[in-house]
Amino acid sequence: MDGTTTTALPSVPLGEDYPEIRAAIRRICEGFPGAYWREKEEKEAYPAEFVQALTESGFLGALIPEQYGGAGLPLRAGCVILEEIHKAGCSAGACHAQMYIMGTLLRHGSEEQKRKYLPDIASGRLRLQAFGVTEPTSGTDTTRLKTRAVRDGDHYVVTGQKVWTSRALYSDMMLLLARTTPLEEVKRKSDGLSVFLVDLREARGKGLEIRPIKAMINHNTTEVFMDGMRVPAANLIGEEGKGFRYILDGMNAERILVASEGLGDGRYFTRKAVDYANSRVVFGRPIGQNQGIQFPIARAHAELEAAEMMIRKAATLFDAGLPCGPEANMAKMLVSEAAWHAAEACMQTHGGFSYAREYDIERKWREIRLMQIAPISTNLILSYVAEHVLGLPRSF
């Protein structure tokens, strides 16, 4: 022994972890086949029944600590939940935000705020599923957002606009990022931003307007307009002006969880492609015997396997309280590309039938394309890795 000490590194789990959770999610999803999702899309409707089933099962409160009524499970368990939902052909887009939004409240909110809101979120009595960050003019340049919150006695008065705020019409609360100190008055552009919990039930019609956005996929996304909206000062999360740092944890969790959804989608596509390739007979033999069919599916599977390992690494670091920004970003990028390749292989394997809505492939194909754009684009991830991991000059 040389007298030196070593710090034990967290281990990354292999194999099918959380088998009981996986089995339970699969049972729930059996009650929501493709026809259910096609009907919701045709009507541009919110999948309330699916969200309610997840709520009643306790899975939407899985990451909330037991002392606040949740299951107290780690982020990795949340990854498994979302992966299995998408692997079954369902979509967690209607409710997944609750898993990563509540982390900002849990990690940075006051004890009074946590006791007031988390038990109701865990039970499903309260929905916190809307995240007001992105704006039409600043996009992903979050530090230059223009929404302003000005202190007025025991309230803040908020004026501004958010876009791509999904689920705002179906959520009770919204986590809002606004500038409390003008950009020209701060030393660092990430200073002067603050996070608020907005009660959408009280604010609508009182300085708050929500308008739906028709989009390529049924994500129930909206624009949010605020003109003199009053938010109680008691709803400020943490300290004023430090909100940008607070949401970074949530962004890492978001990327890891969304990557897990993409992994599930990729598994869905490869399974559908393999099943069809084995059963579809053309020229007297199954089309899966042809290398032109085999190779794209096999390559997508290999890419998904690699992406899954990065997801597991990122989640392990997050749960250990260690820095995980590079891993979270790379996991999201790798799985978005792998799942897209799986989607393309599945489309090509099915040929013309992939365009028929009853096969559900074109719906899932449209859904997975979004992953290369949101919640962060591939090019921004590459820029982040180049600068912060490889030490290359900042490109913008």
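This tour moves through the structure one selection at a time. The model is predicted, so local features are described where pLDDT is at least 70 and side-chain atom pairs count only at pLDDT 80 or more, while totals for chains, interfaces and linings use all residues. Residues are numbered from 1 along each chain as its sequence is written, and side-chain values use heavy atoms, with hydrogens and water left out.

**Before helix 1**

Select Tyr18, in the segment before helix 1 (19-30); helices (H or I, at least four residues) and strands (E, at least two) are DSSP runs numbered from the N terminus. Phi of Tyr18 is positive, near 50°, in a residue other than glycine. As a rule, most residues other than glycine have a negative phi, and most peptide bonds are trans. Tyr18 is partly exposed, at 26% relative accessible area; buried means under 20%, exposed over 50% and partly exposed in between (1.4 Å probe, protein chains only).

**Helices 2 and 3**

Next, select residues 34-42, helix 2, together with residues 48-57, helix 3. Their axes come within 10 Å and cross at roughly 125°; axes are lines fitted to C-alpha atoms, for helices over the stretch in contact, and angles run from 0 to 180 degrees between N-to-C directions. Helix 2 is therefore oblique to helix 3, given that angles under 35 degrees count as roughly parallel, over 145 as roughly antiparallel, 65 to 115 as roughly perpendicular and the rest as oblique. Tyr36, Trp37 and Lys40 of helix 2 are in contact with Ala48, Glu49 and Phe50 of helix 3, where contact means heavy atoms within 4.5 Å.

**Cysteines**

Now display the cysteines. How many disulfides does a search of the whole structure find? It finds zero, a disulfide being a pair of cysteine sulfur atoms within 2.5 Å. The sulfur of Cys95 lies 10 Å from the closest cysteine sulfur, in Cys29, which is too far for a bond. Cys324 is likewise in no disulfide, as the nearest cysteine sulfur, in Cys79, is 10 Å away. Cys95 is buried at 1% relative accessibility, and Cys324 is buried at 5%.

**A loop between strands**

Move to Trp164, in the loop between strand 3 (155-163) and strand 4 (173-179). Phi of Trp164 is positive, near 55°, and Trp164 is exposed, with a relative accessible area of 51%.

**Helix 9 and beyond**

Select residues 291-319, helix 9, whose 29 residues reach 42 Å from first C-alpha to last. This is close to the expected 42 Å, the expected span being 1.5 Å times one less than the number of residues. Gly321, which follows helix 9, has a positive phi near 75°.

Finish at Pro375, in the loop between helix 11 (361-369) and helix 12 (378-389). The peptide bond from Ala374 to Pro375 is cis, with omega near 5°.
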